[in-house]
Amino acid sequence: MPPLLPIVWVLILILTPVILIGFASRSPLLDKAGVVVLAFASGLIFAFVYHPSDIAVASELSVVKMQVAEICMALAIPLLLFSINIPASLKLAGNTVKVMLMACFSVCLASIITALLFEQHVDHIWDAAGMIVGSYTGGGQNIGAVKSAINADETLFIDILTYDIIISSLFLLSAMTVLKPIFSRFLPPFKASKDSLSLLLNRGSTLDLNNFSATAAPTTQSRFYDDFAHMADDSAQAFISLLQRNNLLQLISALILAAACIGVSVLLSMLVPNEMQSAITIICLTTLGAVLSFVPAIRRLTHSYRLGMFLIVLFCFTSGSLADSNVAAHLKPDLFYFIASTLVLSVALHALGCKLFKVDVDTFIITATAAIMSVPFIPMVTSSIRNKVLFFPGIAAAVVGYLVGNYLGIMMTYLLKIMLNG
């Protein structure tokens with residue numbers, strides 16, 4: 001491979017998501033699909049269209065792609081965490097965070113049960129379960145982090161990412177349509193607390209669940225809006241802030257901090273055996289990002305979150321482009337059924353827990369969405385089930401899920417590996 005070719009490919013990998021975001025910002029239909037899904041789908045198409053016949057070139061190109069993906073994920077983890085107000089998240093979520101933790105426990109328990117059932121049908125099922133637990137407790141962005149931590153097979157990762165997008169989309173459609181009518185039959189109706197109503201009313205009727213904008217006068221509760229506004233907008237238009245000159249200093253500062261987190265995490269990982277270094281690196285990155293978010297000056301770097309999301313988009317495109325061009329001819333139904341069964345069982349166990357502890361149906365749906373789909377999908381679901389009161393608590397619960405997702409995914413991988421003698 002000529003010396004300049006890796007640089008050219010890095011530029012292609014970076015510029016393609018930029019072009020996709022540009023198209024999505026001008027097309028409501030593409031924007032509704034979501035840039036993350038578009039990026040991964042485009043990566044898959046790229047893999048099908050272009051596959052070098054020269055084995056050496058193909059191998060080196062794969063190495064370049066994997067390096068870009070790993071760098072993107074390493075930088076994205078702290079960048080996504082820097083601007084999170086963790087104390088506000090816990091305070092705002094209130095009892096919702098307890099139901100969210102119940103959802104996380106349900107996912108872990110479901111993964112153990114399904115792993116035992118599918119043990120003979122899915123290779124390295126402990127790795128698959130770990131990635132799924134990471135995804136279904138903190139959102140899809142956790143799959144890549146857990147994959148890097150446990151050194152999962154690249155093909156297994158691509159397959160899981162592909163099937164997860166399909167299965168999660170079906171869950172989201174269900175959450176917006178049929179879950180409430182079904183589970184209202186045995187879960188109590190929602191009753192807003194005085195604090196929740198106060199929070200909503202103090203924001204006034206100008207709260208727009210579609211673009212998460214508000215113009216109400218500042219109040220004590222409105223600070224929660226300021227804490228989460230930069231996270232809730234998942235439109236392509238939100239990425240335009242990365243191109244504004246007045247945000248450049250903030251973005252550079254955030255990148256330097258993220259790079260420093262990587263450096264410290266790598267150094268700390270050298271203190272443990274080689275087989276544990278990747279896991280320790282990801283755990284340290286997650287912990288450092290969360291700890292630094294307690295520093296007010298760092299938490300005010302709100303554009304770091306959007307930069308982190310751009311790196312996730314880049315990661316998804318690069319990961320999709322690593323797919324085997326013959327993947328369509330080698331579908332793995334057992335793996336698909338394993339993932340689908342884990343999600344369905346986790347939702348059922350979560351609903352059972354809500355029934356036992358008398359949790360209302362709306363809180364059940366919102367916390368399930370927070371765990372499986374993450375922050376950007378909360379506005380969509382709260383609007384669909386006609387419950388604006390749970391808008392802020394739902395986002396706060398999703399933040400909690402993202403914080404614990406990496407830890408739970410890594411823990412579940414090693415637990416199942418021991419249980420199944422992997």
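Tutor: Helix α20 covers residues 391–419, which makes 29 residues. From its first C-alpha to its last it reaches 39 Å, close to the 42 Å expected at 1.5 Å a residue. That expected span is 1.5 Å times one less than the number of residues in the helix. Helices here (H or I, at least four residues) and strands (E, at least two) are DSSP runs, numbered from the N terminus.

The model is predicted: local features need pLDDT of at least 70, side-chain atom pairs count only at pLDDT 80 or more, and totals for chains, interfaces and linings use all residues. Residues are numbered from 1 along each chain as its sequence is written, and side-chain values use heavy atoms, with hydrogens and water left out.

Helix α20 bends by about 40° at V404. The bend at a residue is the angle between axes fitted to the seven residues ending there and the seven starting there. Of the 29 residues in α20, 21 are buried, so the helix is mostly covered; buried means under 20% relative accessible area, exposed over 50%, and partly exposed in between, with a 1.4 Å probe and protein chains only.

Leaving out residues up to four places away in sequence, L416 touches S111, I112, A115, W126 and A129, where contact means heavy atoms within 4.5 Å. I112 is 304 residues away from L416 in sequence, yet the two are 7.1 Å apart in space, C-alpha to C-alpha. Just after α20, N421 takes a positive phi of about 55°.

Two loop residues also have a positive phi. Most residues other than glycine have a negative phi. N151, which is not a glycine, has a positive phi of about 55°. N151 lies in the loop between α8 (141–150) and α9 (154–177), and is exposed, with a relative accessible area of 52%. K358 has a phi near 60°, again a positive value in a residue other than glycine. The place of K358 is the loop between α17 and α18, and K358 is exposed at a relative accessible area of 71%.

Let us now turn to other helices. V107 is found in helix α6 (residues 95–118) and counts as buried at 3% relative accessibility. Apart from neighbours within four places in sequence, V107 is in contact with V133, Y136, T137 and S346. The C-alpha atoms of V107 and S135 are separated by 9.7 Å, and these residues are 28 residues apart along the chain. In helix α18 (residues 361–373) there is T369, which is buried with a relative accessible area of 0%. Not counting residues up to four places away, T369 touches F171, A175, S374, F377, I378 and V381.

The aromatic rings come next. The structure holds eight aromatic pairs. Rings of Phe, Tyr and Trp (its six-membered ring) pair if their centres lie within 6.5 Å; planes under 30 degrees apart count as stacked, over 60 as edge-to-face and the rest as tilted. W9 and F46 form an edge-to-face pair, 5.8 Å centre to centre with 80° between the planes. Because W9 lies in helix α1 (residues 5–26) and F46 in helix α3 (residues 35–49), the pair ties together parts that are 37 residues apart in sequence. Both W9 and F46 are buried, and together with F317 they form one aromatic cluster.

Charged ends also sit over rings, that is, NZ of Lys or CZ of Arg is within 6 Å of the ring centre and within 35 degrees of the ring normal. The charged end of K147 is over the ring of F157, 5.6 Å from its centre. R306 has its charged end over the ring of F239, 5.2 Å from the centre.

Finally, the whole protein has 20 helices and zero strands, and 53% of its 422 residues count as buried. The mean pLDDT, the predictor's confidence in each residue from 0 to 100, is 83, and 86% of the residues reach 70 or more. Confidence is lowest in helix α11 (residues 194–203), at a mean of 47, and highest in helix α17 (residues 333–356), at 96. Over residues 197–221 the pLDDT is below 50. Where pLDDT is low, the predicted coordinates should not be read in detail.
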